[in-house]
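Dear colleague,

I am handing over the structure below, and after it you will find notes on what turned up. Please read them with the model open beside you.

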Amino acid sequence: MLSTSPSLDALISEFARLPGIGRKTAQRLAMYVLKRPREEAEQMAAALLHVKDNVRTCSICCNITEDDPCSICSSTRRDHRVICVVEESNDVFAIERTNEFRGLYHVLGGRLSPLEGIGPDDLHVRELLDRSREGVDEIILAMNPNVEGEATTLYLSRLLKPMGLRITRIARGIPMGSDLEFTDAATITRAFEGRIAL
Amino acid sequence: MILNRLRISNLRNHGHTEIECPEGTLLLLGENGAGKTTVLEAISLLCTSRSFVTHQDRSLLRREADRYQIEGWFTSTTSSRRSVSLVYDTDPGRKQIEMDNALLPAAADLIGAFPLVALSPQHRPITAGGPGERRSFMDFIISQLHHVYLMDLIAYRRALRQRNALLADSDRRPADVRSTLEVWDASLAESAVRILRRRHRFVEEFVPYLLEAMRSVIVQREEVALRYISSMEIDPFAETATDLYRERLALRMDTDIRRGTTTSGPHRDELEILLNGLDVRAQASQGQHKTVLISLKLAEYRYLHTHLDEPPILLLDDVFSELDDERLANVLQLVDGLGQTFITSANHATLRFFPQGKAQNMTLRLENGVVRELAEVA
Ligand SMILES: [Zn+2]
């Protein structure tokens with residue numbers, strides 16, 4: 001459905017391209033932008049370009065950063081002998097929010113998925129192997145708990161084990177604050193598999 | 001499980017339909033295209049997130065509508081009140097399901113909470129069609145009982161699609177096949193072994209139910225048997241089954257690479273139905289197909305009822321059109337002893353055999369997606 005303005009149509013198409021945004025939502029967003037003052041649109045446009053111009057990946061951990069190496073990799077207060085491997089930068093934000101993990105990260109940039117044409121060479125695996133060769137004691141694999149995440153975990157553990165490091169994976173189980181009664185059976189089963197002695 | 005009230009909006013030719021359902025049998029009469037089956041589809045969607053007619057959500061939309069909604073209010077055997085609301089919107093183009101007013105993360109979470117058995121002309125391929133039809137029949141029963149089984153099936157299919165994609169692309173990415181195939185094999189093996197165990201157990205448990213159902217559907221003696229034929233020759237109950245499974249996969253790697261797909265596993269297995277020692281699919285007569293199908297469904301009903309402690313809801317869609325009066329009366333008699341049942345029929349003779357004088361039964365007439373007339377069968 002085309003409006004009477006090609007410019008508006010173009011904006012709707014751009015929004016509709018974003019993940020999780022359908023046509024209807026794109027129209028709503030475009031109408032919102034149209035109604036707001038010009039300065040707001042300028043700010044948004046500038047922010048989009050700024051991100052593209054200034055954000056790059058850290059040459060050590062492959063996380064997104066504006067300074068290379070990133071603030072985590074260059075921190076002297078963090079434990080450089082422990083690396084937590086995650087799929088995406090978002091996962092780093094999630095773990096950092098806890099303020100618990102004091103080691104470093106490695107962002108793979110995805111997970112194995114032949115369906116999407118993603119093999120080991122499309123991920124930052126080589127970089128991980130390179131930095132694991134010295135000064136590292138433990139590698140924590142923190143992939144998402146789904147089929148692709150599991151496959152990636154297995155792939156990396158087989159690759160890393162011969163290097164004589166301690167390889168661990170994060171536990172899968174019942175989220176804190178939730179009731180057993182309302183937890184799905186698969187999660188409960190996994191939690192039983194991962195039970196620990198007291 | 002009893003469905004007390006059903007509300008449908010914009011589903012096929014139904015604009016807005018609301019039905020207060022009887023606890024016994026609801027008979028829906030009407031011409032073809034009147035919207036009888038749609039009521040049953042709506043119930044199936046509520047209980048299983050799927051219609052037994054189509055898997056395309058969009059095709060269920062009423063003309064010119066961009067959103068359909070189905071709501072149901074249930075009472076379980078333990079008298080607890082349950083509710084389900086299912087909404088499909090063309091934007092974002094997927095279903096959203098709320099159970100007891102809480103949004104479900106996945107449609108799979110609904111399976112098993114509202115046990116359901118459906119029999120319609122769409123189920124004929126269970127006895128007459130390819131192995132996939134019988135696997136679905138079996139998988140759906142087990143999934144309603146064991147949520148973990150459903151999770152394993154979903155994981156297996158996902159890993160299978162990934163492995164097949166890798167195999168199909170093996171010419172262009174030979175290095176990836178060498179370095180990652182075993183990872184997908186391990187993932188497949190883990191869920192496949194659990195699936196095989198559960199299927200074997202199911203077949204063993206289900207046979208007595210099928211025998212009993214056959215006996216109540218037909219008078220003459222016919223020997224019915226089930227045989228699970230696995231494409232992967234391993235004993236799934238062996239302690240090392242997962243390792244054996246991986247070894248078998250590895251042995252067939254060359255074949256799989258050449259064919260560009262995974263040639264063995266639970267997705268290639270067959271559940272053979274034998275009648276007097278002969279394969280029903282290839283050898284049975286028309287009449288035998290009907291008898292076996294009705295028996296399978298009756299056995300499904302009783303099996304689920306026993307294992308869930310909750311009588312399933314029974315849907316019988318247009319199953320009477322081809323039955324003679326005697327069989328029709330016989331099936332209605334059988335159904336009368338089961339839980340809540342929804343029946344559609346274009347055949348008004350059905351009414352003659354419909355158990356009379358029961359307050360918990362009700363007849364409705366449908367016309368163009370509208371409930372035209374409400375006649376209590378006194
Ligand atoms: Zn870094």
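Domain bounds, as used here, come from an automatic or database domain assignment. This is a predicted model, in which local features need pLDDT of at least 70 and side-chain atom pairs count only at pLDDT 80 or more, while totals for chains, interfaces and linings use all residues. Residues are numbered from 1 along each chain as its sequence is written, and chains are lettered from A and ligands numbered from 1 in the order in which they are written.

For chain B the assignment gives domain 1 (1-115 + 310-378) and domain 2 (133-308), and the C-alpha centres of domain 1 and domain 2 of chain B lie 29 Å apart. Eleven residues of domain 1 of chain B are in contact with 13 residues of domain 2 of chain B, where contact means that the C-beta atoms of two residues, placed from the backbone, lie within 7 Å. On the domain 1 side of chain B, the residues touching domain 2 of chain B are nine nonpolar, one polar and one charged; Ala, Val, Leu, Ile, Met, Phe, Trp, Tyr, Cys and Pro count as nonpolar, Asp, Glu, Lys and Arg as charged, and the others, Gly among them, as polar.

Chain B contains eleven helices and 15 strands, these being DSSP runs numbered from the N terminus (H or I, at least four residues, for helices; E, at least two, for strands). Its C-alpha atoms fill a box of roughly 70 × 55 × 35 Å along the principal axes.

Between the chains, the contact takes 19 residues from chain A and 22 residues from chain B. On the chain A side, α6(A) gives the most, with six residues, and the residues of that side divide into ten nonpolar, four polar and five charged.

With best wishes
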